[in-house]
Amino acid sequence: MNNFAALLQGFSVAALPINLLAALAGGIMGIVVGAMPGIGSLAGCSLLLPLTFHMNPTTGIIMLAGIYYGNMYGGAFSAILLNIPGDSPAVCTAMDGYPMTRKGKAGKALMAANLASFIGGTIGILILTWLAPTLARLGLKFGPAEMVSLLLFAFCSIGWMMGDDPKYGLASTFIGAMLALIGMDPVQGTIRFAEGNVNLFSGLTFIPVVIGMFGFSQVIELMVKRSNFSFLGGEKIRVRDCLLSKEEVRGIVPNAARSGVLGCFIGILPGTGATIAAFLSYMMGKKISKRGKEFGEGAVEGIACSEGANNAAAAGAFAPLLSLGLPGSGTAAVLLGGLMMWGLQPGPKLFTDQADFCWGLISSMYIGNILCILIAITVIPFVVKILKVPAGIMVPIIMTLCVVGSYAANNNMFDVYVMIVAGVVGYLLNRSKFPISPLLLAFVLTYTLEKNFSQAFKINGGSASIFFTKPISLGFLIVMVLFIIVPIVVKRVRGASGKKAE
Amino acid sequence: MTYIIEILSILFGLYFMYGGIFKYGLWKGITIGAGFFPAVTGAALIIIATLMLIQKLRNRKNETEAEGKFNPRMLIPVGAMAAVLILNQLVGLLGACLVMNYFWLRFLEKFSWKTSIITSALIFIFAFLIFKTWLSVPFPMGLLDKVL
């Protein structure tokens, strides 16, 4: 049976009332949980997994999938409205979404985020539909050397986020990398820089660091500047203020589509996930997009790049999960646990032996994606009213969310301490013109880079030649060198031409 | 205040470089040791932070007074968080947030006691219902755990 016919049959399964209800319930819970700081998709799926125990496998996995990509929609809400990313993939969304909120355009920012999520999610699901087994096999070709080259390319791309003086961006990058090195070494298990503190044995958790650097540092800034304002003042919120103009939609669609493709492929790779997909897509958009220079100051295209990628990555993570039984992310690992709980064996035969289940799931993702955007768009005009609340009342709300969200990440008070310190450090860095985004990207990428770097050397008997003999790895290295050299050469040639003309 | 980030960065880099080279080792067998990445990143940060410090020292005449000045108001939220951490031992985390919010609204933002109580209670109820009741996050209860 070809994929199209199987998909149509899957829709007949997904359209059953019980499965529609499961997709709707999963989407709503996912959006709400995703909006809560500290409760990412991994924690959300883990906490809500017991709800599915008494369901049949198809209905249960449909609900879990709904929670997973609903999370991606929800993470944007707190990122845009409060500058506290609901989960780590929403960090880049906050970089442009919150500046838009400060300009009184929160409704537009939320619309942009949801539209981009829908486009990215749809592209990810389409790619999954037609290419799931092929993509999974492609993911297997990415060994340690290929991952190192890809990640080095990503580090090189950090230069696009460095701001006016590259030294500040580089310093942020290395600070982020060093923070990620605290704790257990990924290969040999050596505990580093923990100084006997048991809480640091597994390293610093990303969510409290992000909540501190974004949310709590913002509170400190508000107190220092003695700001007492509301982002909307006395303005009335009208539905049409939340709608996007044609020009804005023209800016969002191509960026979300490109990010969707990139995000889906990143989501397939083991150990990457929606966070890395969002960061890489944002950096690419900053370089390629017409309004790339405005990223970080309130560009809808920036939101589109981040949200398109993270939703597509969520769909992409299902390719290795269903085809090979390999979870591409922590959340996919929870979903794998769900599959095994219901007695299903992921692998190439799942598509043939359990066709109703597989295609029912994929079909439900189409339906769920539509349901999520309808739910999200409906609540935007109401949710935006939060911004009429004066800063004097918002500050305690934000502080409570910072504390509660940091604790909820690992149910550990130590993370609250981390959040506070990260907030102070984030404030001082901001004040000293250090960009935060390179720090966070380096924090996310360093663990995976070190692990794969070490493994590559082990595989090749201690020689670095593996990075140049593997074709995919060599390809990424060549592209990286070109990205560095070409702008320098072009600049020099233009400079020389200018002098000649004079 | 002006040079604090650069100086701290240099010290941070030194700490990592020292640990990387002397404690954890740069190379182990046929692969990198646990100290390789810390040493490399530490060394890089030392170099960059030193360059930044030199640049700032050269340009210090152009710096405005405000840029270098420490603002004590930044300690207010930090103090509030410290109070939450202390109160957590007594009334649990959500209870500590409730008390902190009341005092913040009443004495810092100068709202009436009625508005302060209602607002802090609403924040508490929201956090309790979503995180504690629905998502079953096991918040510490402080001494209330023993009493209840």
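Predicted model: local features only at pLDDT ≥ 70, side-chain atom pairs only at ≥ 80, totals over all residues.
Visitor: Which residues does A:Thr446 touch, not counting those up to four places away in sequence?
Guide: Let's start with what a touch is: a contact means heavy atoms within 4.5 Å. Leaving out residues up to four places away in sequence, the list for A:Thr446 includes one residue of chain B.

Visitor: Is A:Thr446 buried or exposed?
Guide: Buried means under 20% relative accessible area, exposed over 50%, and partly exposed in between (1.4 Å probe, protein chains only). A:Thr446 has a relative accessible area of 2%, so this residue is buried.

Visitor: Which helix holds A:Thr446?
Guide: Helices (H or I, at least four residues) and strands (E, at least two) are DSSP runs, numbered from the N terminus. A:Thr446 falls within residues 437–459 of chain A, and that run is helix H20.

Visitor: Which backbone oxygen does the side chain of A:Thr446 reach?
Guide: Look at the side chain of A:Thr446 and follow the 2.6 Å gap to a backbone oxygen. That oxygen belongs to A:Ala442.

Visitor: How many helices does chain A have?
Guide: Chain A has two strands to go with its helices. The helix count is 22.

Visitor: Why is chain A as compact as a globular protein of that length?
Guide: The radius of gyration is taken over C-alpha atoms, and the globule rule is 2.2 Å times the number of residues to the power 0.38. For 502 residues that rule gives 23 Å, and chain A comes close to it, so it counts as compact, with a radius of gyration of 22 Å.

Visitor: What radius of gyration does chain B have?
Guide: Chain B has 148 residues, and a compact globule of that length would be near 15 Å. Along its principal axes, the C-alpha trace spans about 60 × 50 × 25 Å. The radius of gyration of chain B is 24 Å.

Visitor: What pattern does chain B follow along the sequence?
Guide: Chain B has six helices and two strands. Read along the sequence, they give α-β-β-α-α-α-α-α.

Note on methods
Residues numbered from 1 in each chain as written. Chains lettered and ligands numbered in written order. Heavy atoms only, no water. Polar contact = N/O pair within 3.5 Å; in protein donor to acceptor, adjacent residues only side chain to side chain.
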